[in-house]
Amino acid sequence: QVQVAESGGGLVQAGGSLRLSCAASGRTFDIGRMGWFRRAPGAEREFVSAISWSGRRTDYADSVKGRFTISRDNAKNTVYLQMDSLKPEDTAVYYCAVQSLIGVSYDYWGQGTQVTVSS
């Protein structure tokens, strides 16, 4: 099993920045792709960003391209999401997800961290 824990959420004004962190523990040798998802009030969970094990491939939702940056530190089994130019519509609970090395879907999920952007 892999345990996943997010941190770094909070309240910020529109135009501000936050950096989310996600630390994985447990069977860390099985960690592959890592990603971020979010769920806004009354909405479905949606993909935000993901990064391959090597860090060479990153993907972003259109709504966050150019504002959010994903990165990872494999020595610390941690993935980061730098969020700049935040907008009120970015308000959501942000979840970190981990895919196993041979997996095709996200197998492990964190509890989520709240991000609130005030206008």
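Predicted model: local features only at pLDDT ≥ 70, side-chain atom pairs only at ≥ 80, totals over all residues.
A search of the whole structure finds 6 salt bridges, and the stops below cover several of the residues involved.

Begin by selecting Arg38 and Asp90. Their side chains meet in a salt bridge, with 3.0 Å from N to O. Arg38 belongs to strand S4 (residues 31-39), whereas Asp90 sits in the loop between strand S8 (78-83) and strand S9 (92-100), so this pair ties together parts that are 52 residues apart in sequence. Display the surface next: Arg38 is buried, with a relative accessible area of 5%, and Asp90 is buried as well, with a relative accessible area of 1%.

Arg67 is found in the loop between strand S6 (58-60) and strand S7 (68-73), and Asp90 in the loop between S8 and S9, so the pair ties together parts that are 23 residues apart in sequence. Arg67 counts as buried, at 11% relative accessibility.

Arg38, Glu46, Arg67 and Asp90 are linked in a network of salt bridges.

For the last stop, clear the view and select Asp62 with Lys65. Here the closest N and O atoms of the salt bridge are 3.2 Å apart. Is Asp62 buried or exposed? Asp62 is exposed, because its relative accessible area of 64% lies above the cut-off of 50%.

Methods:
Residues numbered from 1 in each chain as written. Heavy atoms only, no water. Salt bridge = Lys/Arg side-chain N within 4 Å of Asp/Glu carboxyl O. Helix = DSSP H or I, 4+ residues; strand = E, 2+ residues; numbered from the N terminus. Buried < 20%, exposed > 50% of the residue type's maximum accessible area, 1.4 Å probe, protein only.
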